Amino acid sequence: MAPVAPRSGDAIFASVEHVNAELFTLTYGAIVRQLLTDLEEVEEVNKQLDQMGYNIGVRLIDEFLAKSNVSRCVDFKETADAIAKIGFKMFLGVGASVTNWDADGTCCSIVLDDNPLVDFVELPDTCQGLYYCNILSGVVRGALEMVSMKTEVTWVRDMLRGDDAFELQVKLLKQVPEEYPYKDDE
Amino acid sequence: MQFFGGSDISPSPPAPTASGNNAHMMYVFNRNGVCLLYREWNRPLHTLNAQQDHKLMFGLLFSLKSLTAKMDPTSFENHEMCSLDKGNLGVPQLPGQGCSFHSFRTNTYKLSFMETPSGLKIILITHPKTGDLRESLKYIYNLYVEYVVKNPIYTPGAPIRCELFNTSLDQYVRSIS
Amino acid sequence: MAAIYSLYIINKSGGLIFYKDYGSAGRMDTNDSLRVASLWHSMHAISQQLSPTVGCLGIELLEADTFDLHCFQSLTGGYLNPFIYLFIYKHTRYWFFLPSTGTKLFVVCEPGTQHMEGLLKVIYELYTDYVLKNPFYEMEMPIRCELFDINLSQAIQKDRVALLGR
Amino acid sequence: MIGVGKIKQYANVLETPLSKGKQEVSLSAFAFLFSELVQYNQTQVDNIAELERRLEDAGYSVGARILELLCHRDKGNRRETRLLGILSFVHSTVWKVLFGKVADSLEKGTEHEDEYMISEKELLVNRFISIPKDMGTFNCGAFVAGIVRGVLDSAGFPAVVTAHFVPMEGQQRPRTTILIKFAEEVLRREARLG
């Protein structure tokens, strides 16, 4: 069977149920506030947000693959492209682009056109060092790990810290190649 | 399971379905798991070396057979008397015993399988869209009886090296898929 | 005339996380269903290794004398957490190092039953909704989600009506 | 409560419109996020009552902000002063913003004067959630109860708000009822206003 072409992010977003972004944004704000109250260190909050994102990514990948008809996630470049172009649009309704690939194609940036997490948000100075949107880096890391791509995902630009855009850097750490050590005690 | 009688090459070969050869490869195993024949016509991918490939194929067939025997919804033995050998997972099946599978399909290939009462296993791997090849496998089995079993210099259990069998097999397989 | 005998859902390491049969034919007791699930998990992975071309996703349809087995698989998995399949035949040990594969759903039905692929896709969507989005479901564990059961029986019912209606 | 997420109050608020038109995300995104909120809080509590309270607290902060947002945007800064006014504001305006629809019903409690009930056949936050048997009557709708309390409290109508499953005959799934029990002073003021 000729593999079905992956569906566009817009097509999927149009076909799924929506909720008002404000509910999403304010619920996320509540989560961050809870973490800031429960955990003193801002660095701890960053870690916890990333872990929560990872837990989501591990579950969300199945829906992403099923609905996007992405046939196989073997090539890191293709997968990163699919996650940026289809994933962010399908779930958050925002576009994203993949840029600055490094020479050997194992590291890239995902730049978000928009970010529904940060409407109405103004970081007070008590939160220096907080990566408010760290849940997103965790989601990307968790999703990629499920298709056997171990990655490190970090924020390179964050508008809440004064930058001009939201930019994630995705670096492939390890992807076990297709052929594998065959052991047989014959 | 019907018994494949008849000595001459009958039934006549089923009408060839498609031109060109999208048959990939064929295996023949005997009841002891020895690979008597491996013919390859079109196989771009080899994930394993020949020996591992044959072992893995045999392992797959053997396990699938015991799985299908166990899952046979029409047999009652495995409900009441679970302890009965037949139908227990992993316990070798006697050839022709219990429910067996005749093919499986993945997105990249179709595997057609036949096991004779003598325990000979014939496996043909073709394009995923190929139709039902049970008749074709019977025909190939007849080729095997004709050119191999009846070939005086062939010692059973040894890999098949009868040229005549190979050429008529190639010709026939090219015509069916 | 039950077109569908039973439905299995297996997690990423081949553990059975959901089993339901529809009628007595083909009913399995718990350990047999566990064995069937883990054996199928290995067969599915092995079938990928024997593919003559790249991009094989494993068995989608197994045709047996008295039943068909349709399998749908999510495309997660890979070599980050591989597993070993050990197979002993005539006291020689064969063991193989296989990639883990995604969550699998398979349905056992009467030979020739139509549009099982469609039904499996629907059931898979119910899984991504009512199981994966349930905060009280722990990944890879047996599924005990009331909403999944309710929606599953509705989907099977609707499908069965479609089958009988044909 | 740390001030993260408070409304932008700086000069530039006039240039950037508060809402860039009706933006939406997928229900799945919200469902996964909410599921994570519940799972995180499960790790922070020892019993169900505490879990419910924490979800309610999280909702409360959302409710307070929703009121500010809606008053700035829709009401031209006019505040509700009467009980029925604020209840219908919650039942329709707030519900529409949060859940894209008006709540199924708004009823006055029969036994007690100070009780009102907003019910929803399928509360959005509960859409994909199956409560394990051993958690009894626990309802993730506590989050929504918190939102309602946040709105009412900030609007000057303090109340105790709880979420309950109410079985409906002929339905496999119970509906969720948000029970609002107003504080004494609200009723007294309401009586005074006649």
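Mentor: In chain D of this predicted model, 58% of the contacts with a separation of 6 or more join residues 24 or more positions apart. Chain D has 194 residues, and 40% of them count as buried. Its five helices and five strands follow one another along the sequence as β-α-α-α-β-β-α-β-β-α.

Now for the close look: go to chain B and find helix 1, residues 50-71. From the first C-alpha to the last, these 22 residues reach 31 Å, close to the 32 Å expected at 1.5 Å a residue. What surrounds this helix? Of its 22 residues, 17 are buried, so helix 1 of chain B is largely enclosed by the rest of the structure.

Part of the setting is chain C: 40 residues of chain B are in contact with 38 residues of chain C. On the chain B side, strand 1 (23-29), helix 1 and strand 3 (101-106) each supply at least two residues. Our helix gives the largest share, 13 residues. Sorted by class, that side of chain B holds 19 nonpolar, 15 polar and six charged residues.

Methods
Residues numbered from 1 in each chain as written. Chains lettered and ligands numbered in written order. Predicted model: local features only at pLDDT ≥ 70, side-chain atom pairs only at ≥ 80, totals over all residues. Helix = DSSP H or I, 4+ residues; strand = E, 2+ residues; numbered from the N terminus. Expected span 1.5 Å × (residues − 1). Buried ≥ 20, exposed ≤ 12 C-beta atoms within 10 Å, placed from the backbone. Contact = placed C-beta atoms within 7 Å. Nonpolar A, V, L, I, M, F, W, Y, C, P; charged D, E, K, R; others polar.
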